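Subject: Handing over the structure

Hello,

Here is the structure I promised to pass on to you. Please open it next to this email, so that you can follow along as you read.

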Amino acid sequence: AAMAARCRLAARFHHIHGTNIRLDASHTQATRVESFANGLCFSQEPLAPGQIFLVEIEEKELGWCGHLRVGLTTHDPQSLEVVPEYSLPDLVNMGDTWVFAITRSHNRVVVEGEDTQARRRLWEPFLLIERVRIPRDTLVGRSRPGRYSHILDDLYKMNVLPATARRSRIGVLYTLQPDGTADMHIVINGEDMGPSARGLPTTRPLYAVIDVFASTKSVRVIPVDYGFPSLQTLCRLVIQKHIVHRLAIDVLDLPPLLKSFCQHE
């Protein structure tokens, strides 16, 4: 309960940000209004151990090379005299900052047999990262069914979108280790990419870093509820697991709102 309350309060961007960023009134949407750089954003509050800072890509911009960048920093945004132009390399070069570029394909190295297990886990209601348990449903980005649904549907059923696509959801968190340090994890559409950085200090607060860079135009913070999945969510998991194609949901004898929830949300 304490984690859930803290996460709801922290699911906002800090008022300190790059010069090309505009925040909406709620400080949950960050849009880069000019150029391809100066799009650096931070979490409003330091993250607690196991607390994920999750964003959804809302808008893309053609003509630029590169995508969203995500990580953690010990630098309090309030203490920055000038917000760096780039997270990589500018903010990282200031020290005690760990940032990674999100690419079209996952950077995770999969060992033999692990891929099948990972796909099976995508149907489980919780994502487990060491001792951290997060309801998976909120973490997952979903494409909308349309003209090319027959092509995208295998991706949809596995709850996987290309990492840099619109509606993709990307989060960052850290977990405490026995030696008193922390490991940073990046989560892409409900899948843990494994430790992206190890040995992070835990004696100083760690803020999330979101760099709205290049072809990523706008992102929105997604609040994460650490409680139990809703009955609606559990119903969706069962329905999606047993259908051949998501457009087949239209012919099922289900309430219209539940059909829409299973197909789109």
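Below is what I found in it, going from the whole chain to the details.

First, a word of care: this is a predicted model. The chain has 265 residues, and 50% of them are buried. Its secondary structure consists of seven helices and 13 strands. The accessible surface comes to about 12900 Å², with 56% of that belonging to carbon and sulfur atoms. If you count contacts between residues at least 6 apart in sequence, 71% of them join residues at least 24 apart.

**The sheets**

Seven strands make up an open sheet, and if you walk across it you meet them in the order β1-β2-β13-β4-β9-β10-β11, with antiparallel pairing. The edges are held by β1 (21–23) and β11; each has a single partner strand, so one side of each is left without a neighbour in the sheet. Neighbouring strands here are turned against each other by 25° on average, direction ignored.

There is also an open sheet of four strands, in the order β3-β12-β5-β6, again with antiparallel pairing. Its edge strands are β3 and β6 (97–101), each of which pairs on one side only. From one strand to the next, the twist averages 20°. Inside this sheet, β5 and β12 run antiparallel and are joined by five bridges. One place to look is Val70, which stands opposite Ile210 in β12.

**A closer look at β10**

Is β10 buried or exposed? Seven of the seven residues of this strand are buried, so β10 is largely enclosed by the rest of the structure. In a regular strand the side chains alternate between the two faces of the sheet. In β10 both faces are covered: Ala182, Met184, Ile186 and Ile188 are buried on one side, and Asp183, His185 and Val187 are buried on the other.

On one flank, seven bridges join β10 to β9, and the two run antiparallel. Ile170 has Ile188 as its bridge partner in β10, and Val172 stands opposite Ile186. The hairpin of β9 and β10 has five residues between the strands, and Gly180 there takes a positive phi near 90°.

On the other flank, β10 and β11 are also antiparallel, joined by five bridges. Ala182 stands opposite Leu200 in β11. This hairpin has two residues between its strands, and Asn189 in the turn has a positive phi of about 50°.

**The nonpolar cores**

Which residues have the most contacts inside the largest nonpolar core? They are Phe13, Phe53, Ile210 and Val219, in a core of 31 residues. Several strands each supply at least two residues of this core, including β4 (53–60), β9 (169–176), β12 (207–211) and β13 (216–221). The largest share, four residues, comes from β10. Another core, of 12 residues, lies apart from this one; Ile52, Val132, Ile134 and Leu139 are among its members.

**The aromatic pairs**

The count of aromatic pairs comes to five. One of them is Phe36 with Trp64: the ring centres are 5.0 Å apart and the planes are at 40°, so the pair is tilted. Phe36 lies in the loop between β2 (29–32) and β3 (40–42), while Trp64 lies in the loop between β4 and β5, so the pair ties together parts that are 28 residues apart in sequence. Phe36 counts as partly exposed, at 28% relative accessibility, and Trp64, at 35%, counts as partly exposed too.

Tyr86 and Phe213 form an edge-to-face pair, at 6.2 Å centre to centre and with 70° between the planes. Where do these two lie? Tyr86 is in the loop between β5 and α2 (87–93) and Phe213 in the loop between β12 and β13, so this pair ties together parts that are 127 residues apart in sequence. At 8% relative accessibility, Phe213 counts as buried. To finish the picture, ring pairs link Phe36, Trp64, Tyr86 and Phe213 into a cluster.

I hope this helps you find your way around. Happy browsing!

Best wishes

Key: Residues numbered from 1 in each chain as written. Predicted model: local features only at pLDDT ≥ 70, side-chain atom pairs only at ≥ 80, totals over all residues. Heavy atoms only, no water. Core = buried A, V, L, I, M, F, W, Y, C linked by side-chain atoms within 4.5 Å. Buried < 20%, exposed > 50% of the residue type's maximum accessible area, 1.4 Å probe, protein only. Contact = heavy atoms within 4.5 Å. Areas by Shrake-Rupley, 256 points an atom, 1.4 Å probe, with all protein chains shown as cover. Pairing = 2+ DSSP bridges. Axes fitted to C-alpha atoms, helices over the stretch in contact; angles between N-to-C directions. Phe/Tyr/Trp six-rings, centres within 6.5 Å; stacked < 30°, edge-to-face > 60°.
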